[in-house]
Amino acid sequence: MHRNRLPAETTVRGLRGGALILTLVAVAACTKEPVEETLRVAVVAPRDIVVSASAAGAIEPITTVEVKSQASGEIIEVNVDEGDEVRRGQLLARVDARIPQNAVGQANADSVVAKAQLDNAEARLRRAEMLHSEQALTGEELEAARLDRATAYAASIRAERTLEDARTALEQTEVRAPSDGVILGRTVEVGSVIAAANRDVGGGAVLFRMATLDTVEVRALVDETDIGLIKPGQPVTITVAAYPNRPFRGDVLRIGAEGVLEQNVTVFPVVVRINNEERLLKPAMNAEVEIHIGQEHDVLAVPNVALRELREIGPAAEMLGLTEEDVAAQIAELEGVSTEGAMGDDTDRPRSDMAMRAARPNDPTAGGEFVVFTMRNDTVRVVPVRTGFTDFDYSMVLSGLVAGDSVVILPTAGLLADQERRQEWINRRVGGGPLGGN
């Protein structure tokens, strides 16, 4: 998941005129001098919140065509090479046409003979019918004349079909482009002898590979933690190494129904379609895909590290030097926020929208209700905040804060544990413990 990072933070060393001065004393082993640690705060300000999922893939043509010849013989002409753009019907190569030409000549002569035989048979049939009407010819002789005419007609049809097939075979000696596209590769040279592709299914030599590159695709593998946020039609930005400063635009075409396990991580194929009218994107180019899941522009935002749930108020207040009575009094003033168990581990506290983000940690739309510690009038106060869209670093502020407010960024649990271990080490050094000396 890609996150928008540019924290606007300031550092405050103390609170003037207030009751709180946050000072953590760290004593060095030799000097034993106190070192003042700073309190980090962030200023609430408008910013862009963008959530996207990143993946990698390769450029692929939508369709790839293998061009074969339906004629057998020697290649006598090749007119295109790899990388050439061709139009539908353009001549790509030519096969020796002498045998097909001879076949056309023979079929044409046979057709002429068959037509003449048909004309002769029809004339004999007309005379036989006339003589039969004058009772000068028997019925059997009339039926024989009709049979001769039918036989001649069938021979004429066979001759016409043979001539048509011969002409088609002659046309097939010219290998033409089946569609507009780009030649991806050629496997034939002048002088090569090829077999016809129509003699068996899938047979014949492949002369050229070509594809249409006006529109291309990228099949990217997206982590399963992000796949639930991706839907067809979402905008996508694609970058390739050949044009690092030129992003290409596309959109999600479809999402694979079955995941793939790669290095113990389940990923799903996502097909992205890209307009490529300038033909800059080539098949097999490696591409970085950024799927735009959602974005909010110029909205008031608060760092997520400043947000706390109600059950976290107690430990956070203790770090800031506030007493339970101070926090309880402040919470009592906050409309709609319960004070019951604010400083304790009260599992019976009613759940609100605050639980949405915990229930859906990967959903950027799962806002909620939180509290922050703000510095107002040189005093740390607890303020309820309602948040919306988030990039998991910053959340959009729906209510509770205004531009310019300063919110305290408190250490995480891991950082606190590390600080405790460091303080214990210092105490042992100062007190002459196992790690220190006298």
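How many bridges pair strand S9 with S11, and in which sense, parallel or antiparallel? In this predicted model, strand S9, which covers residues 181-186, pairs with S11 in the antiparallel sense over 4 bridges, and within this pairing arginine 186 stands opposite phenylalanine 208 of S11. Strand S11, made up of residues 206-211, also pairs with strand S4, residues 64-68, over 5 bridges in the antiparallel sense, with valine 65 placed opposite methionine 210 of S11.

The pairings for which bridge counts are given here can be set side by side.

| Strand pair | Sense | Bridges |
|---|---|---|
| S4 and S11 | antiparallel | 5 bridges |
| S9 and S11 | antiparallel | 4 bridges |
| S5 and S10 | antiparallel | 2 bridges |

Strand S5, residues 73-78, is joined to S10 by 2 bridges, and glutamate 74 has valine 193 in S10 as its bridge partner. Both strands belong to an open sheet of 4 strands, ordered S8-S7-S5-S10 with antiparallel pairing. Because strand S8 (174-176) and strand S10 (193-194) stand at the edges of this sheet, each with a single partner strand, one side of each is left without a neighbour in the sheet.

The helices give another part of the picture. Helix H1, residues 98-133, packs against helix H2, residues 139-171, at an angle of about 160 degrees, and their axes are 7 Å apart. An angle over 145 degrees counts as roughly antiparallel, and therefore H1 is roughly antiparallel to H2. The crossing in which H1 passes H2 is left-handed, and the residues of the contact between H1 and H2 divide into 19 nonpolar, 8 polar and 10 charged.

Definitions and conventions: Residues numbered from 1 in each chain as written. Predicted model: local features only at pLDDT ≥ 70, side-chain atom pairs only at ≥ 80, totals over all residues. Heavy atoms only, no water. Pairing = 2+ DSSP bridges. Axes fitted to C-alpha atoms, helices over the stretch in contact; angles between N-to-C directions. Parallel < 35°, antiparallel > 145°, perpendicular 65-115°, else oblique. Left-handed = near helix turned anticlockwise from the far one by under 90°. Nonpolar A, V, L, I, M, F, W, Y, C, P; charged D, E, K, R; others polar.
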